Amino acid sequence: MFLLDTPVSLAHDLVTGLAEALRPLAGASSTAAAIIVFTAAARLVMLPLAIAAARGERAREGLLPQLRALQRKHAKDPRRLRAETAALYRDEGVAPAAGCLPMFAQWPVFMVLYRLFVSATVAGHQNLLLAHTLLGAPLGQTWVGLLGGGLLAPHSLVFLGLFVLLAAVATWTSRRVTAEGPMAAVMRVLPFGTVVFAAFVPLAAGLYLLTSGTWTAAERAVLRRRAAVAV
């Protein structure tokens, strides 16, 4: 995806510079530390979008009782249902896609970060970030590529530690799902997909998933608490 080459290359240079700045503190793991710090910084920059998405989601949730009443009332008249639903959104000043657009606006950043941490090359040049290590484990290595050396091999243990942390974040997220109905079970299981996914991507991408997932869990908890206080 050539459109991403420039932003990915810029992000590569920023993370490399950050790693150099962190070297006195983190030593050989400075690049891993830089990935974590840079990911957290990117999420911080996108915080206003996350807040806007949360507000839109709350606004739509507030209309659910009225929407359900309309669905029961006009169940046999789809055209009337659509008209009444549109009128409800208009009267309440809520867009049907409220909360969705801010979420979609974040995706280009996620795509840039993900590509940065999984690609062997960046804009035609070697991705130097993946040449570094975390506790001796190469950031460009995948866990499935280490299975031949045994589960308890030193490098494999680094991945296992990552999986434990990802599972902890997934458990936290799963227990806070408030949805009901058939989709609730899916939404509770879905967070654990990151643990499986992390086994097939480089360690650098696993650190990105852990940092971003932890940020998302904390962000949602704080925004939900603020919403409860506001009510």
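This is a predicted model: local features need pLDDT of at least 70, side-chain atom pairs count only at pLDDT 80 or more; totals for chains, interfaces and linings use all residues.
**Exercise 1.** Decide whether R43 and E219 are buried or exposed.

*Solution.* Start with the cut-off: buried means under 20% relative accessible area. R43 has 4%, so R43 is buried. E219 has 13%, so E219 counts as buried too.

**Exercise 2.** Find how many salt bridges the whole structure holds, and work out which helices the R115 and D5 pair ties together.

*Solution.* A search of the whole structure gives three salt bridges. One of them joins R115 to D5, the closest N and O atoms being 3.1 Å apart. R115 belongs to helix α6 (residues 100-118) and D5 to helix α1 (residues 5-26), so the bridge ties together parts 110 residues apart in sequence. As for cover, R115 is partly exposed at 21%, while D5 is buried at 18%.

**Exercise 3.** Explain why R23 and E20 are separated by about one helical turn.

*Solution.* First, the pairing: R23 forms a salt bridge with E20, at 3.2 Å between the closest N and O atoms. Next, the spacing: R23 and E20 are three residues apart in helix α1, which means about one helical turn between them. In general, an α-helix has 3.6 residues a turn, so residues three or four places apart point the same way.

Notes:
Residues are numbered from 1 along each chain as its sequence is written. Side-chain values use heavy atoms; hydrogens and water are left out. A salt bridge is a side-chain nitrogen of Lys or Arg within 4 Å of a carboxyl oxygen of Asp or Glu. Helices (H or I, at least four residues) and strands (E, at least two) are DSSP runs, numbered from the N terminus. Buried means under 20% relative accessible area, exposed over 50%, partly exposed in between (1.4 Å probe, protein chains only).
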